[in-house]
Amino acid sequence: MTLIFQFLVGHALGDYVFQRDIMARAKCRHAEIHKTAGKNFPGWYYWLLAHALVHGGTVFLISGNLVLGVVETFLHTMIDFCKCEHWFSIHVDQSLHILCKLVYVWLIYQGWV
């Protein structure tokens, strides 16, 4: 239970504390900010990857497992991209993120990672 709690806290920190408003908007490629920002404003993919790296970093710091950190970075990028494309809602987005954390815990306790 401790590991699940740590992953959920890490996720909450990454999605709600460490994610500034500009990152939440700019990580989506169709966001209005990209139409009005100057040419030197970072592209959406920079914002999305930076956000996903925060999540990958928290998974790595909590688990001590680099593979899980890299997997989290990739999966978080893909899930948030799909949410930004409006392929599913924020509720599905958050459910998928939590499911990832539960799978990580299961993999750790099975001794597979």
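Me: Cys28: buried or exposed?
Reply: Cys28 is buried, at a relative accessible area of 16%. Buried means under 20% relative accessible area, exposed over 50% and partly exposed in between, using a 1.4 Å probe and protein chains only. Keep in mind that this is a predicted model, where local features need pLDDT of at least 70, side-chain atom pairs count only at pLDDT 80 or more, and totals for chains, interfaces and linings use all residues. Residues are numbered from 1 along each chain as its sequence is written, and side-chain values use heavy atoms, with hydrogens and water left out.

Me: What does Cys28 form a disulfide with?
Reply: Cys84, with the two sulfur atoms 2.0 Å apart. A disulfide here is a pair of cysteine sulfur atoms within 2.5 Å. The link is left-handed, with -55° about the S-S bond. Cys28 sits in the loop between α2 (21–26) and α3 (33–36), while Cys84 is in helix α5, so the pair links distant parts of the chain, 56 residues apart. Helices are DSSP runs of H or I with at least four residues, strands are runs of E with at least two, and both are numbered from the N terminus.

Me: And Cys84, buried or exposed?
Reply: Buried, with a relative accessible area of 7%.

Me: How many disulfides in total?
Reply: The count comes to one.

Me: OK, new topic. How is helix packing described?
Reply: By the angle between the two axes and the distance between the axes. The axes are lines fitted to C-alpha atoms, for helices over the stretch in contact, and the angles run from 0 to 180 degrees between N-to-C directions.

Me: So what's the angle for α4 and α5?
Reply: Helix α4 (residues 44–63) and helix α5 (residues 66–84) cross at roughly 145°, and their axes come within 7 Å. The crossing is right-handed, meaning that the near helix is turned clockwise from the far one by less than a right angle, with anticlockwise being left-handed.

Me: Which residues make the contact?
Reply: On α4 they include Trp44, Leu48, His51, Ala52, His55 and Val59, and on α5 they include Leu68, Glu72, His76 and Phe81. Contact means heavy atoms within 4.5 Å. By class there are ten nonpolar, eight polar and two charged residues. Ala, Val, Leu, Ile, Met, Phe, Trp, Tyr, Cys and Pro count as nonpolar, Asp, Glu, Lys and Arg as charged, and the others, Gly among them, as polar.

Me: Which residues of α4 are buried?
Reply: Trp47, Leu48, His51, Ala52, His55, Gly56, Thr58 and Val59. They pack against α1, α2, α3, α5 and α6. After α4 comes Gly64, whose phi is positive, near 75°.

Me: Where else is there a positive phi, in a residue that is not a glycine?
Reply: At His86, with a phi of about 65°. Most residues other than glycine have a negative phi. His86 is in the loop between α5 and α6 and counts as exposed, at 71% relative accessibility.

Me: How do α1 and α6 pack?
Reply: Helix α1 (residues 2–17) and helix α6 (residues 90–110) pack at about 145°, with axes 10 Å apart. This crossing is right-handed. Among the contact residues are Phe7, His11 and Asp15 of α1 and Gln94, Ile98 and Tyr109 of α6. The classes split into eleven nonpolar, three polar and two charged.

Me: What does Gln94 touch?
Reply: His11, Asp15 and Tyr16, not counting residues up to four places away in sequence. Gln94 is buried, at 15% relative accessibility, whereas Tyr109 is exposed, at 57%.

Me: Last one: where does Val113 lie?
Reply: In the segment after α6. Val113 is partly exposed, with a relative accessible area of 37%. Leaving out residues up to four places away in sequence, Val113 touches Asn65, Leu68, Leu107 and Ile108. Val113 and Leu68 are 45 residues apart along the chain, with their C-alpha atoms separated by 7.8 Å.
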